[in-house]
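Student: I would like to learn how to read aromatic pairs and disulfides in a model. Please take me through them one at a time.

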Amino acid sequence: MLAAAVPAQAAEYKVTDNCDVPWINCTEGDIFLFYNSKAYSYNADGSRYVTSWSIFYGNVSDYWGTSRYQGSSLSTYRYVFNGNGSGSWQYMKNNAASVMNCAPADNYRVYYNSGYGGTSQYFGKNGPYGDCDHTDLISALKNNNASQHFA
């Protein structure tokens, strides 16, 4: 008796927060990555963002996204900037210019390479929300950022 192979099905989703990925265990992100540098992220009076952002919690080995097989289905979640102003719905990997760490208890490092390699920049804890320090990425990481890790 011969059995026919069932073809794998693939689904791709775009998310602005890694906590929206079903197999990642977190409730909310703590570090924001912005499409523009700090000077171009706010409107003239500084009351609202005019650039897009993504938000993350925990270790992210590749800002391109994450995939997982569930049975014969492959689900892939790609990290993108939200639909707010410049950078809307762009892929996040290698497109961030500034960072805001709002974590009340977590320090982070953003890395040049996927898998936590290469040049990195440290962002100390600043939370709770409301007093987050918005900082431009160093020139080696501006638009060249691929992963993050608890520091």
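Student: Is phenylalanine 56 buried or exposed?

Tutor: Phenylalanine 56 is buried, at a relative accessible area of 0%. Buried means under 20% relative accessible area, exposed over 50%, and partly exposed in between (1.4 Å probe, protein chains only). This is a predicted model, where local features need pLDDT of at least 70, side-chain atom pairs count only at pLDDT 80 or more, and totals for chains, interfaces and linings use all residues. Residues are numbered from 1 along each chain as its sequence is written, and side-chain values use heavy atoms, with hydrogens and water left out.

Student: How many aromatic pairs are found in the whole structure?

Tutor: A pair of aromatic rings is described by the distance of the centres and the angle of the planes. Rings of Phe, Tyr and Trp (its six-membered ring) pair if their centres lie within 6.5 Å; planes under 30 degrees apart count as stacked, over 60 as edge-to-face and the rest as tilted. The search of the whole structure gives 13 aromatic pairs. One of them, tyrosine 35 with phenylalanine 81, is edge-to-face, with 5.6 Å centre to centre and 80 degrees between the planes.

Student: Where in the chain do tyrosine 35 and phenylalanine 81 lie?

Tutor: Tyrosine 35 is in the loop between β2 (31-34) and β3 (53-56), and phenylalanine 81 is in the loop between β5 (73-79) and β6 (98-101), so the pair links distant parts of the chain, 46 residues apart. Strands (E, at least two residues) are DSSP runs, numbered from the N terminus. Tyrosine 35 is partly exposed at 23% relative accessibility, whereas phenylalanine 81 is buried at 0%.

Student: Why is the pair of phenylalanine 56 and tyrosine 79 edge-to-face?

Tutor: The pair counts as edge-to-face because the ring planes are at 90 degrees, with the centres 5.1 Å apart. Phenylalanine 56 in strand β3 and tyrosine 79 in strand β5 are 23 residues apart. Tyrosine 79 is buried, at 2% relative accessibility.

Student: Which residues do ring pairs link into a cluster?

Tutor: The cluster consists of Phe32, Phe34, Tyr42, Tyr49 and Trp53.

Student: How many disulfides does the search find?

Tutor: A disulfide is a pair of cysteine sulfur atoms within 2.5 Å. The search finds two. Cysteine 19 is joined to cysteine 26, S to S 2.1 Å, and both cysteines are buried. Their S-S torsion is about -125 degrees, so this disulfide is left-handed. Cysteine 102 is joined to cysteine 132, S to S 2.0 Å; that link is right-handed, with 130 degrees about the S-S bond.

Technical notes. Helix = DSSP H or I, 4+ residues; strand = E, 2+ residues; numbered from the N terminus.
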